[in-house]
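Please walk me through this model in the viewer. Tell me what to select at each stop and what is found there.

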Amino acid sequence: MKITTPASAVLLSGLGIRFGLAPFTGHPGDIALFVTSQRLFYQTGTIDLKYFPTLPTIYYMQLLFYAPYQLLRLLGMPDFQYYDHTAMMIESLFLKLPSILCDVGIFVVLLSFTRKLNPATLFFLNPFPILLSSVWGTYDSMMLFPLILGLYIFATRNGGTASTVMFVFSGLLKLFGFVSFALAICDSIIRRRFRDELPLEVVGGLAIVAVVLFPVFLLGGFSSFLQVLVYRFIGLSSGTGGTHYGLIGEVLKIEPSGILPTLPIAIVLTCVGYSYESSRAKQSRSLLLVKWTLVAGFAFNLFSASQPQWLSWLIPLGILYGSFTGRVGLQYFAYLFGVLSTFLTITLLQGVSYMLIGNSTAFILGYIESIPGSVFLYAVMTTTMIVMLCGYSFSKKLKSFGLEVIPLTVLLYVQAYFWIVIVGVGRFLGVS
Amino acid sequence: MLVIAVVIMASMVVVLRGKNQQTTVLNVSNLNSLESANYIRLNNTIWQDPLTDTSQWHVGYSQPNMTARVTANGAIHLNATIASEPYPQAINLYRSVNLPLTQNPILIISLDASVGIHYGIRIAGQDSSGLPFQSWSESSYLQHRSGLGKIENLTVSALVEAYKVNGIFSAAGSRINSLLFYIESTPGQAGQFVLDVDGLRVVAPNQYRFNAASQVQETMDEITLTLNYTGVLGFADSQFAQGYIDYYVKGTLDLDYTVYFMHGLTVVGQGFEYSARSLTYNIATFSASKITSYPPLLVDNNTFLIVLSPLRGSFLSFRLGGLSVRYLSQAPSTTAPTEIDPSAILAYYLIFLFVTPVAIVILVSRLLSNENYHAS
């Protein structure tokens with residue numbers, strides 16, 4: 001595929017923005033975890049898989065991209081400390097490089113998939129993916145790239161094992177990717193591919209997972225891997241942060257004492273929904289796969305112990321689904337969703353100064369950061385935005401995008417700010 | 001092309017492993033970093049008040065017109081009538097004791113205060129030269145507590161409380177000589193309130209060594225793991241980044257505990273709260289940003305310790321899996337930064353994160369409305 005001049009301009013602009021932000025910013029806590037593991041490997045030879053805080057595939061990817069940095073350092077390249085950040089400037093850039101390149105990959109796949117520059121631009125220049133890959137330094141793009149690529153392969157090759165392999169890789173970078181893998185398995189079952197595709201997909205998927213996890217098992221980290229990642233993700237363990245309903249729980253202040261396996265229920269319902277619609281064959285299978293992966297993204301965000309970066313999953317999936325169904329409104333609202341999610345995350349959850357200078361004790365924007373009820377305000381606004389995104393995804397009346405939605409969204413924030421922060425309605429209701 | 005790039009980078013990973021000089025990271029890990037493992041039992045009573053005699057107990061009032069009655073029958077009952085006044089009022093119940101700090105006295109107290117009233121415990125003593133010292137502060141968890149109307153069990157280390165207020169000082173020759181309970185009312189509060197001291201004894205902690213790699217099955221009031229790390233490479237406590245410890249643990253039904261990482265008497269890191277009603281595998285993380293409290297018992301100092309300390313209940317079984325304590329040249333900061341001018345960096349942030357991307361999107365959307373991208 002040849003990239004046209006406008007697409008090249010967008011690509012270069014997006015890369016310029018990312019490279020402009022990456023060395024000077026970072027989430028000090030998360031970056032500290034990653035940089036410790038990499039430095040331990042290259043300075044002491046320690047393979048830090050037992051206590052690595054997330055999936056081992058992230059560790060392998062970071063090892064690959066950190067190696068050139070180490071070589072440059074050995075050749076005498078200097079690096080510099082910027083304020084209180086836990087990684088040095090060029091080091092931070094190399095740690096974020098896999099995610100930035102995956103952003104580029106998603107841009108290219110969206111371009112090929114939709115054959116339009118607008119949807120790809122709405123993702124690549126969306127502040128939320130920029131925030132996550134270049135500022136925060138988290139790795140959701142690394143999961144989304146093989147996921148979107150898998151959806152593309154599924155659509156262009158009418159299913160097949162290659163797309164399933166992509167979904168497995170996606171799941172090995174962040175467990176959400178396994179939802180599409182489960183849907184692809186359902187698809188093979190519905191099409192009765194019991195002799196060729198299905199066994200290959202299941203056995204191949206399990207084999208890849210086993211190969212990736214074997215070093216963790218070898219280094220004695222398998223129990224902690226299950227405890228910290230798998231059980232917590234599917235809701236069978238409270239992990240370290242306690243069990244709650246995620247955004248809905250924050251809004252309604254539901255704090256159950258026991259475990260809540262909401263995600264297995266969400267995955268099963270998603271598979272049932274996909275299978276039902278697919279068997280009726282009113283829409284193309286590839287469109288249904290995008291649609292039900294998007295539905296799973298909504299469910300994960302709303303009903304589980306979700307994290308703010310999970311909101312980014314909805315952006316490329318929403319844009320893709322909007323592009324396939326002619327929902328221009330969904331594509332533009334997904335962009336607005338990203339802008340507001342960025343604003344809410346950096347002001348209400350992390351603090352502007354935390355990711356800018358690496359220190360959470362200094363509030364730069366006092367009126368919108370260090371405010372009472374900030375988490376409640378975040379949960380109310382984010383839940384509202386997700387509900388609106390749901391409306392743009394599935395309502396027949398919301399196919400186009402009116403510019404009045406932008407001031408409406410701002411008004412929603414101002415109203416929520418007034419009632420929650422100034423009036424303190426959360427305190428009266430006992431939810432904040 | 002992509003495959004070649006991956007092969008080159010993978011080769012670099014293999015070749016460069018462990019090649020760089022160790023300057024910016026330190027990892028104290030594995031069982032051979034462990035000097036000793038001990039558990040503590042509070043089973044050695046060195047003093048006990050039978051609470052059958054009020055003659056050792058005295059009552060003090062913040063206002064002269066207040067009244068209270070003290071009785072004893074295996075528990076000390078303070079029954080106070082408080083009239084409404086526009087200022088706070090307090091009634092003290094105190095006695096003298098003689099507890100050498102070198103014995104590391106731990107007070108095991110059971111008490112019950114009426115709902116609606118506030119209460120607290122204050123400990124005082126004198127050092128080897130006869131100078132008095134306080135072992136309580138206004139911010140302590142032992143002050144201004146809300147009465148629950150039911151029995152509460154408190155474990156208070158006199159040594160820890162003294163250190164918290166006075167910093168490190170020599171315990172030799174110092175002793176605790178006063179123990180005081182109080183109830184206090186807020187302005188305008190009136191009524192009859194009760195403070196019952198149902199149990200009061202002092203124990204000296206007994207420390208037992210065990211093999212951390214093997215399962216130990218005992219009633220344990222604290223578990224301490226002493227590291228043989230001696231500060232190599234010059235990393236300071238402020239550079240502590242993150243710690244992990246994984247283990248199999250079982251406790252009493254009411255066990256809630258947390259993990260501390262200590263350097264001498266300083267808490268360097270703390271973990272979340274955990275429970276372990278049945279035998280459970282757990283991996284606990286601890287960091288400086290989670291520090292909210294101080295371990296209630298102290299048995300060792302001038303060493304690096306990982307302490308598993310119950311908030312309630314006791315451990316019944318423990319086996320260590322592994323541990324890792326990590327330092328970075330620049331750890332996540334918990335202190336206020338030096339003065340900065342936020343306007344320039346904020347402008348940079350907003351321009352890169354919001355203004356430029358949104359402007360380009362608006363431009364592209366206007367230029368390419370109704371576009372079709374043709375792949376060739």
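Predicted model: local features only at pLDDT ≥ 70, side-chain atom pairs only at ≥ 80, totals over all residues.

Leu51(B) has 21 C-beta neighbours inside 10 Å, and because the cut-off for a buried residue is 20 or more, Leu51(B) counts as buried. To see its setting, show the loop between strand 3 (45–48) and strand 4 (58–61) of chain B, where Leu51(B) lies. Then check the backbone: phi of Leu51(B) is positive, about 60 degrees, although the residue is not a glycine. Most residues other than glycine have a negative phi.

Next, select His144(B), another residue other than glycine with a positive phi, here near 55 degrees. The loop to display is the one between strand 10 (132–134) and strand 11 (145–146) of chain B. Is His144(B) buried or partly exposed? With 13 C-beta neighbours inside 10 Å, His144(B) counts as partly exposed.

Now move to chain A and colour the two assigned domains, domain 1 (1–138) and domain 2 (327–432). Taken over C-alpha atoms, the centres of domain 1 and domain 2 of chain A are 26 Å apart. Where they meet, 17 residues of domain 1 of chain A are in contact with 15 residues of domain 2 of chain A.

Stay on the domain 1 side of that contact. Select helix 5 (117–124) and helix 6 (127–136) of chain A, the elements that give two or more residues to this side. Which of them gives the most? Helix 6 of chain A does, with six residues. Colouring this side of domain 1 of chain A by class shows ten nonpolar, six polar and one charged residues.

Methods:
Residues numbered from 1 in each chain as written. Chains lettered and ligands numbered in written order. Helix = DSSP H or I, 4+ residues; strand = E, 2+ residues; numbered from the N terminus. Buried ≥ 20, exposed ≤ 12 C-beta atoms within 10 Å, placed from the backbone. Domains from an automatic or database assignment. Contact = placed C-beta atoms within 7 Å. Nonpolar A, V, L, I, M, F, W, Y, C, P; charged D, E, K, R; others polar.
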